[in-house]
Amino acid sequence: MSNVRANRVAEQMKKELGEILGQKIKDPRVGFVTVTAVEVTGDLQQATVFISVFGDEEEKANTLAGLAKATGFIRSEIGKRIRLRKTPEILFQFDHSIEYGNRIETLLDEINDNQE
């Protein structure tokens, strides 16, 4: 039962984080960020936020630094928007699945080009 609740909280957090990152964060280091997924532990104490950033490695590092600096503000905003006894601790990580999918697609295109 707690797994269902954790999934609901994760989906709500994903929605709210998208709005917060798009509208409330004014840090110039935080560029174009997309929240791809949120995983919340069963006890709702920790949340891992997977993000995708448009740009090169330097921009990604700057974005992660900006998000780390704004974590307290983001957590307080989440606490205001979602009614929970305790707001989960937030950890940001890069989501490499999009890059991985693009790499697979490139390899498949190369294979198809070689067969023709």
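Predicted model: local features only at pLDDT ≥ 70, side-chain atom pairs only at ≥ 80, totals over all residues.
Entry 1: I picked out Asp109 from the group and looked up where it belongs: helix 4, which covers residues 97–115. Is Asp109 buried, partly exposed or exposed? Its relative accessibility is 41%, so Asp109 goes down as partly exposed, because that class lies between the 20% and 50% cut-offs.

**Entry 2: a nonpolar patch.** Next I looked for greasy spots on the surface. Tyr100, Ile104, Leu108 and Ile111 make up a nonpolar patch, and their accessible area together comes to about 410 Å². I checked Leu108 on its own and found that it belongs to helix 4. With 49% relative accessibility, Leu108 is partly exposed.

**Entry 3: Glu16.** I moved on to helix 1, residues 2–24, where Glu16 is located. Buried or exposed, I wondered about Glu16? Glu16 has a relative accessibility of 8%, so I wrote it down as buried, since buried means under 20%. Then I asked which residues Glu16 touches, skipping neighbours within four places in sequence. I noted contacts with Ile78, Arg81 and Ile82.

**Entry 4: Lys69.** Last, I looked at helix 2, which runs over residues 57–69 and includes Lys69. Lys69 has a relative accessible area of 67%, so I call it exposed. I also checked how far Lys69 is from Arg29. Along the chain they are 40 residues apart, and their C-alpha atoms are separated by 10 Å.

Technical notes:
Residues numbered from 1 in each chain as written. Heavy atoms only, no water. Helix = DSSP H or I, 4+ residues; strand = E, 2+ residues; numbered from the N terminus. Buried < 20%, exposed > 50% of the residue type's maximum accessible area, 1.4 Å probe, protein only. Contact = heavy atoms within 4.5 Å. Patch = residues over 30% accessible without salt bridge, like charges linked within 9 Å, V, L, I, M, F, W, Y side chains within 5 Å. Areas by Shrake-Rupley, 256 points an atom, 1.4 Å probe, with all protein chains shown as cover. Salt bridge = Lys/Arg side-chain N within 4 Å of Asp/Glu carboxyl O.
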